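Here's a quick walk through a predicted model.

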Amino acid sequence: MPKYQLTIYQPDGDPPPPEALEPVMAELHALNREMQEAGAWVFAAGLHPPETATVVSVRGGEVLLTDGPYIEGKEHIGGFTMIEAPDLDAALQWASRMARILDPLPIEVRPVNE
Amino acid sequence: MTDTAIVEEVFRREHGRAVAVLIRAFGDIDAAEEAVQDAFAVAVERWPRDGAPPAPAGWIIRTAHNRAIDRLRRDAVFQRKQAELALLDQSDEAFEEDAVPDDRLRLIFTCCHPALAPTARVALTLRLLGGLTTPEIARAFLVSESTMAQRLVRAKAKIRYAHIPYRVPEPEELPDRLSAVLAVLYLIYNEGYLSAGGNEASRPDLANEALRLVGVLEELMPDEAEIWGLRASMLLSESRRPARFGPDGELVPLSEQDRSRWDRALVTAGQRLVRRCLLRDRPGPYQIQAAIAAVHSDAPIAADTDWNQILALYDQLMAHTPSPVVALNRAVAIAEVRGPEAALAVIDPLHLDGYYLFHAVRGDLLERLGSKPEAREAHRRAAELTVNPAERRLLERKLSRLTT
């Protein structure tokens with residue numbers, strides 16, 4: 001079955017206060033559980049903020065380490081969920097439910113190259 | 001008709017059906033297109049020599065199907081999938097012409113999928129269902145051939161890799177998916193009504209295809225008034241076809257058409273649908289456009305046209321879809337109700353400099369106001385911007401009238 005990565009993009013900076021965040025996380029948790037029960041869930045991960053990232057690249061044969069995220073910007077990947085779905089419509093339905101929970105954060109749906 | 005002409009006609013009429021059937025069979029758009037192209041290449045070679053087969057469309061589909069299987073057999077990847085091929089062989093009988101009435105409908109919902117860019121939806125539908133070539137579609141959209149080719153390749157790659165489904169949406173998804181399909185059918189009809197693809201003034205085959213598909217949609221969603229509206233618009237436009245072109249192939253404007261030549265059966269069918277829309281009383285953009293066409297159809301001669309009603313309907317249409325093109329059409333009604341000066345004041349601020357109709361309407365208004373040189377300039381600009389031969393001839397006629 002095709003796999004899709006649902007990527008959450010979120011603005012940099014402090015997360016929302018707990019009283020706003022907690023109900024959202026609870027709903028997201030419930031959605032993850034529902035995906036698991038439906039056999040759609042492959043794995044999911046939330047990421048620490050972009051300033052904890054390290055970019056590794058090779059320059060002139062030497063490995064170069066750079067502090068911070070690869071792409072400069074005001075928004076970065078906050079997490080992702082890998083799902084299995086029979087087709088794009090099914091994947092978009094899961095993504096739509098996730099987007100409603102995380103409103104206004106956008107969810108990017110990309111097919112996995114297998 | 002020569003056998004070569006028959007190949008061409010069958011190509012236009014049956015390309016969409018053949019591709020749709022083959023996509024269902026092989027699950028791949030490129031493979032289906034290639035197979036159908038192969039089949040037509042064989043037809044071009046064989047029909048003029050041996051004569052066209054009694055059922056040309058069925059022949060094309062069967063030949064394409066066999067060619068696709070030949071290709072797959074040669075393809076190393078598919079060597080390992082002999083079991084699947086055996087299944088395909090068995091399903092041969094399902095390719096008879098009448099066994100597959102809804103394949104084109106599936107294909108149109110795939111082509112018009114909301115995950116595809118709107119420009120790609122129209123291009124794919126015209127390519128796969130309409131059988132237009134990439135250069136023809138590129139001309140219709142005023143982009144280069146390479147841009148259009150790339151757009152089509154990307155859209156097909158997205159369908160394949162993202163697994164955009166090849167099916168008619170579930171009932172609960174249908175309303176949302178419908179507006180995208182209606183927009184595409186509307187554009188296809190327009191291409192059939194007055195071709196922007198060059199060479200031909202109109203493409204009755206595309207117009208008929210749009211009408212047929214909108215009819216299938218109506219069967220599927222019998223209670224959707226916007227479908228009635230779109231079909232009514234098409235029927236009423238189509239009713240004028242016999243009066244739309246003059247002896248030299250020039251376009252005859254609505255105001256100058258010999259209305260006795262309008263197809264009364266189509267007028268009646270269109271007006272009946274418009275009445276159904278009025279009774280439903282939930283107007284949308286397609287229904288309003290149909291109502292405007294119906295007001296025109298009500299007038300036995302152009303002078304009897306109820307322009308006040310048409311203007312009121314355009315006001316309503318502007319409230320639904322406030323686009324510059326609608327504003328331009330509304331200005332034509334304003335010219336009739338309030339005079340050309342008022343209409344000119346409405347259209348001059350519109351950002352439609354690249355649209356031939358903007359200049360054509362301006363030219364007419366300026367001519368009525370007696371500004372001959374300006375009218376000439378506007379018509380000349382309009383003639384530059386259209387490749388449609390009938391439109392060009394009409395504009396040239398206007399230009400020669402203005403120079404004498």
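Let's start in chain B, where the axes of helix α10 (residues 174-193) and helix α12 (residues 225-239) come within 11 Å of each other and cross at roughly 0°. With angles under 35 degrees counted as roughly parallel, that makes α10(B) roughly parallel to α12(B). By class, seven nonpolar residues, one polar and one charged make up this contact. Here's who sits on each side:

| Helix | Residues in the contact |
|---|---|
| α10(B) | Leu182(B), Leu185(B), Tyr186(B), Tyr189(B), Tyr193(B) |
| α12(B) | Glu226(B), Leu230(B), Met234(B), Ser237(B) |

Next up is helix α2 of chain B, residues 29-50. Its 22 residues reach 30 Å from first C-alpha to last, close to the 32 Å expected at 1.5 Å a residue. Where does α2(B) kink? The kink, about 30°, lies at Val44(B), shortly before the proline Pro48(B).

An α-helix has 3.6 residues a turn, so residues three or four places apart point the same way.

Finally, the chains themselves: six residues from chain A and six from chain B form the contact. On the chain A side, helix α2 (residues 88-102) gives the most, with three residues. That side of chain A divides into four nonpolar, no polar and two charged residues.

Terms used:
Residues are numbered from 1 along each chain as its sequence is written. Chains are lettered from A and ligands numbered from 1 in the order in which they are written. This is a predicted model: local features need pLDDT of at least 70, side-chain atom pairs count only at pLDDT 80 or more; totals for chains, interfaces and linings use all residues. Two residues are in contact if their C-beta atoms, placed from the backbone, lie within 7 Å. Helices (H or I, at least four residues) and strands (E, at least two) are DSSP runs, numbered from the N terminus. Ala, Val, Leu, Ile, Met, Phe, Trp, Tyr, Cys and Pro count as nonpolar, Asp, Glu, Lys and Arg as charged, and the others, Gly among them, as polar. Axes are lines fitted to C-alpha atoms, for helices over the stretch in contact, and angles run from 0 to 180 degrees between N-to-C directions. Angles under 35 degrees count as roughly parallel, over 145 as roughly antiparallel, 65 to 115 as roughly perpendicular and the rest as oblique. The expected span of a helix is 1.5 Å times one less than its number of residues. The bend at a residue is the angle between axes fitted to the seven residues ending there and the seven starting there.
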